[in-house]
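Look at the model below and follow the chain from its start. The paragraphs after it go from the overall fold to a few side chains.

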Amino acid sequence: QLTCAQKLFQILTAQQPVPADTKTALIHTAHEPGNAELHLKTIVRSIEGLSPLMTEVVLQGIEAGVFHTDHPREAMDMLLVSGQLLFDRGLFNWPEEELAQRLGAFTESMELLLGAEKGTFAFFSALWQQ
């Protein structure tokens, strides 16, 4: 049985397998200057699709006493928006050291926003970089 934190991670990382060269081409196309509006719409659609699913998991975590927030949907929206933008390699190409720092800060932010115990999402950073 997955913990609520593991479920959130699974939702975030679940993607249709796309060949590396196709993914690279899609990323390049999305970040061309004339495609900024399309790119933004793609990010918005992604957040609109993921937020309700992740909110359900957060509600399970609240019920289980793992998360403590009065604003589960809003917390998910904030995390998704910041994550989608900060970790978009077409917008920010952080050096590996800086990426690791930002992933650590992001997981800490998740814990704070969800009222989770410190270390609840510590595994995110290691898994995300694989």
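Helices and strands are DSSP runs, numbered from the N terminus. In this predicted model, the elements run α-α-α-α-α-α from the N terminus on, which is to say that the protein has six helices and zero strands. The protein has 130 residues, of which 29% count as buried. Among contacts with a separation of 6 or more, 61% are between residues 24 or more positions apart. The protein exposes about 8500 Å², and carbon and sulfur atoms supply 58% of that area.

Next come the aromatic rings. A pair of aromatic rings is described by the distance of the centres and the angle of the planes. The count here comes to four aromatic pairs. One of them is Phe9 and Phe123: the ring centres are 6.0 Å apart and the planes are at 65 degrees, so the pair is edge-to-face, because planes over 60 degrees apart count that way. Phe9 is in helix α1 and Phe123 in helix α6, 114 residues apart. Phe9 is buried, at 8% relative accessible area, while Phe123 is partly exposed, at 25%.

The rings of Phe67 and Phe121 have centres 5.9 Å apart and planes at 15 degrees, so this pair is stacked. Both residues are in loops: Phe67 between α3 and α4, Phe121 between α5 and α6. Phe67 is buried, at 0% relative accessibility, and Phe121 is buried with a value of 0%.

Finally, consider Leu85 in helix α4. Leu85 is partly exposed, with a relative accessible area of 34%. Beyond four places in sequence, Leu85 touches Ile43, Leu91 and Phe92. Ile43 is 42 residues from Leu85 in sequence, yet their C-alpha atoms are 8.4 Å apart.

Note on methods. Residues are numbered from 1 along each chain as its sequence is written. This is a predicted model: local features need pLDDT of at least 70, side-chain atom pairs count only at pLDDT 80 or more; totals for chains, interfaces and linings use all residues. Side-chain values use heavy atoms; hydrogens and water are left out. Helices (H or I, at least four residues) and strands (E, at least two) are DSSP runs, numbered from the N terminus. Buried means under 20% relative accessible area, exposed over 50%, partly exposed in between (1.4 Å probe, protein chains only). Contact means heavy atoms within 4.5 Å. Accessible areas come from the Shrake-Rupley method with a 1.4 Å probe; for residues, only the protein chains shown count as cover. Rings of Phe, Tyr and Trp (its six-membered ring) pair if their centres lie within 6.5 Å; planes under 30 degrees apart count as stacked, over 60 as edge-to-face and the rest as tilted.
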